[in-house]
Amino acid sequence: LADARGRDMAMNDGYTLGAVALHRDSIVGAEFRLNATPNWRALGVSEGWAEEFQLVVEARFHTIAESPACWLDVSRRLTLTEMVRLAVGSFCVCGEFLATAEWVRNDPTRPLRTAMQMVSPDRLSNPNDLPDSMNLRRGVRTDRFGRPTRYCIRRAHPYDATAQMERYEWREVPAETPWGRLQVLHVMEQRLPDQTRGIADMTSVLKQMRMTKQFQEVVLQNAVVNATFAAAIESE
């Protein structure tokens, strides 16, 4: 409910929308660049080798990440900078960001197979809308130590009118591959122990923001009503 109210304020309140845009601009900016500086002392190589390695890796990564073909996005819509800006905006409004690593097989023109699928946090929910349990909380399965092991992602948004059957289907994505690579990217700031989902910072000021919006509407209505009346003073 707090996430829905936060998104409503971000969509319908100009000040909130400006704050989210300013947040993205100050953190990401116009281009999100890779800083591939290896720890050459730990690797046991020379500093010159590390500098050459950094130049080559950053140049190749920039070619892939900022390509107009958008290779790092499964939907081929966003570059890496645009994906990071979307992630920062989602984190600001919802308090979390969710994406999955996919392996694209049916596109022989791709220079790489791995790509990211951006997922709405609303789709992360318990299968069949079951209540939370000890090891299943809002779509996140954990082990007895609280480590996330699997993520239950709904195949479509719960309020997508065009997806009649997919709204009631889930797929469980392992948090890691069998060889240890991260498969689900769930970014959130944990404020309390055993917390599995994120909470946006703007939830603490939603009441004040809503009251300010109502005050502005009342002031505007008052100005409109006053403009329809004219007062005149006549002397004898």
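What share of the contacts in the protein with a separation of 6 or more comes from residues 24 or more positions apart? The following legends describe a predicted model, in which such residues account for 52% of these contacts.

**Figure 1. Overall dimensions of the predicted protein model.** The C-alpha atoms fill a box of roughly 100 × 50 × 40 Å along the principal axes. The radius of gyration of the protein is 24 Å, whereas a compact globule of 236 residues would have a value near 18 Å.

Figure 2. The protein contains six helices and seven strands.

**Figure 3. The open sheet formed by four strands.** The strand order is β3-β4-β5-β6, with antiparallel pairing. At the edges lie β3 (136-137) and β6 (170-174), each of which pairs on one side only.

**Figure 4. Close-up of the pairing between β3 and β4.** Two bridges join β3 to strand β4 (residues 140-142) in the antiparallel sense. Within this pairing, Leu-136 stands opposite Arg-141 of β4.

**Figure 5. Surface and burial of the protein.** Of the 236 residues, 32% count as buried. The protein exposes about 16000 Å², and carbon and sulfur atoms supply 57% of this area.

**Figure 6. Placement of the charges in the protein.** The protein carries 29 positive and 30 negative charges. The mean positions of these two sets are 7 Å apart.

Conventions. Residues numbered from 1 in each chain as written. Predicted model: local features only at pLDDT ≥ 70, side-chain atom pairs only at ≥ 80, totals over all residues. Heavy atoms only, no water. Rg over C-alpha atoms; globule rule 2.2 N^0.38 Å. Buried < 20%, exposed > 50% of the residue type's maximum accessible area, 1.4 Å probe, protein only. Contact = heavy atoms within 4.5 Å. Areas by Shrake-Rupley, 256 points an atom, 1.4 Å probe, with all protein chains shown as cover. Lys, Arg positive; Asp, Glu negative; His and termini not counted. Charge placed at Lys NZ, Arg CZ, Asp CG, Glu CD. Pairing = 2+ DSSP bridges.
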